[in-house]
Amino acid sequence: MNSSALLTDRYELTMVDAAMQSGTADRLCLFEAFARRLPHGRRYGIVAGTGRLLELIQAFRFGDSELDWLRENGVVRQPTLDWLADYRFNGEIWGYQEGEAYFPGSPLLTVESTFAEGVILETLILSVLNYDTSVASAAARMVSVALGRPIAEMGSRRTGEQSAVAAARAAYIGGFDATSNLEAGRRWGLPTMGTAAHAFTLLHDSEEDAFRAQVAAFGPGTTLLVDTYDIKTGVELAVRVAGTELGAVRIDSGDLPTVVAAVRDQLDSLGAVNTRITVTSDLDEHTIAGLSGSPVDAYGVGTSVVTGSGSPAAGMVYKLVAHKGDGRGADAGDWIPVAKASVAKASLGGRKRALRRIDSTRTAREEIVDVQGSGVDLPVDLPSESHRELLVQLVNGGVPDERFLGHAGTVLARNHRAAVMQELPIEAFRLGQGEPVIPTVYR
């Protein structure tokens, strides 16, 4: 992987530069990523991007080209450039497991390191978690109203080329079944899908010629796009060309509930009773829910999922919440909580422990955040059976846990998300705006 070191804001490096000059760069600190609220009155969110972030932190290295550019542009002084040349994150990172549900105030990621080591990662951490979490949260909402019907992600043309790869992974964690993006398939091992767009039909002298060419290439089990001209004519041609073993037809326009019902009737009347109907056309969770009573077999979602269905960022922030004493006073060696006090942007200082209270029906009822006192280590004892520990160690001594990386980590996150959804109260799946489905309780 190429260096990720300049995927950051200038002020991260200038803070390191100033801290080195003041002698505070090596002070041991705790940083925390959290969200003060959920976007647009949603009732839960899904954490995503963690495995991708760990790989980017491994690649956070300043090579000659990065250092030369910083030097030529006068970003930091030479002593700081020398420090950056040897930069490796050597600290500890704890966080919610990827695929976990989260709520306002959840301590999603805790970074324990020197000030310089931890602050320099702020932009990278937030850019990954804010975007991937937004996509996964939107995807999970769509999956919950699809009622078990498969959904494919096909939004690469609606976002940046690298965001498209990240979005495909996040949507898969959120429960989508496949992606149209080949780089996501290669990099993360995701299932890929796709057959033809309207351009293929328009290329040929007739719609029938296009269908014959596609069936010749991919067999009768392919999916034929039937709405380039007239849907009823397209369906009749599709079955005539592929036979009653036609795999599926795709509909990308029209009044979908009405069109889908008519196409199902037409397919059945032509004997293509096993031919599936896939629907695309600017879908989001609300239009998918509106099709719940229609004979749709699969969905393809583009713009809405890669833009977080109206919330392209999850609203996470990264704050310094504690640092060690300077070694001279009564607090020498102890954690000193620190917090921002700005109006409507206050943070809560101190090391956190996070638990989820589960009742006898295995339903989540509270998000409990323990604000721990000075010198208290991260949790090691398991809580009672009525609580579930939420923080897992992601990085130990600068080394990421291999379980959370690559294809295996992506599948682990997807499976964890599926299990977590079973814990949420039924009210979580309402699409209307509302309060978080469980409260966050501090103690």
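These notebook entries record what I looked up in the structure.

**Basis.** I worked with a predicted model, in which local features need pLDDT of at least 70 and side-chain atom pairs count only at pLDDT 80 or more, while totals for chains, interfaces and linings use all residues. Residues are numbered from 1 along each chain as its sequence is written, and side-chain values use heavy atoms, with hydrogens and water left out.

**Entry 1: strand S1.** I took helices (H or I, at least four residues) and strands (E, at least two) as DSSP runs, numbered from the N terminus. Strand S1 covers residues 28-35, and seven of its eight residues are buried; buried means under 20% relative accessible area, exposed over 50% and partly exposed in between, with a 1.4 Å probe and protein chains only. I counted two strands as paired if DSSP finds at least two bridges between them. S1 pairs with strand S5 (residues 109-114) in the antiparallel sense over six bridges, and Cys29 has Ser113 in S5 as its bridge partner. With strand S12 (residues 316-324), S1 forms an antiparallel pairing over seven bridges; here Leu30 stands opposite Ala322.

**Entry 2: a four-stranded sheet.** I found an open sheet with the strand order S16-S14-S15-S19 and mixed pairing. Strands S16 (387-389) and S19 (440-442) stand at the edges with a single partner strand each, so one side of each lacks a neighbour in the sheet. On average, neighbouring strands of this sheet are turned by 30° against each other, direction ignored. Strand S15 (residues 364-372) pairs with S19 in the parallel sense over three bridges, and Glu367 has Thr440 in S19 as its bridge partner.

**Entry 3: helices H2 and H6.** I noted that helix H2 (residues 50-58) packs against helix H6 (residues 122-146) at an angle of about 160°, with their axes 9 Å apart. Axes are lines fitted to C-alpha atoms, for helices over the stretch in contact, and angles run from 0 to 180 degrees between N-to-C directions. H2 is therefore roughly antiparallel to H6, a term for angles over 145 degrees. In contact (heavy atoms within 4.5 Å), Thr50, Arg52, Leu53, Leu56 and Ile57 of H2 meet Leu124, Ile125, Val128, Leu129 and Asp132 of H6.

**Entry 4: Ala216.** I located Ala216 in helix H10 (residues 207-218). Ala216 is exposed, with a relative accessible area of 69%. Its C-alpha atom is separated by 9.2 Å from that of Ala242, 26 residues apart along the chain.

Conventions:
Parallel < 35°, antiparallel > 145°, perpendicular 65-115°, else oblique.
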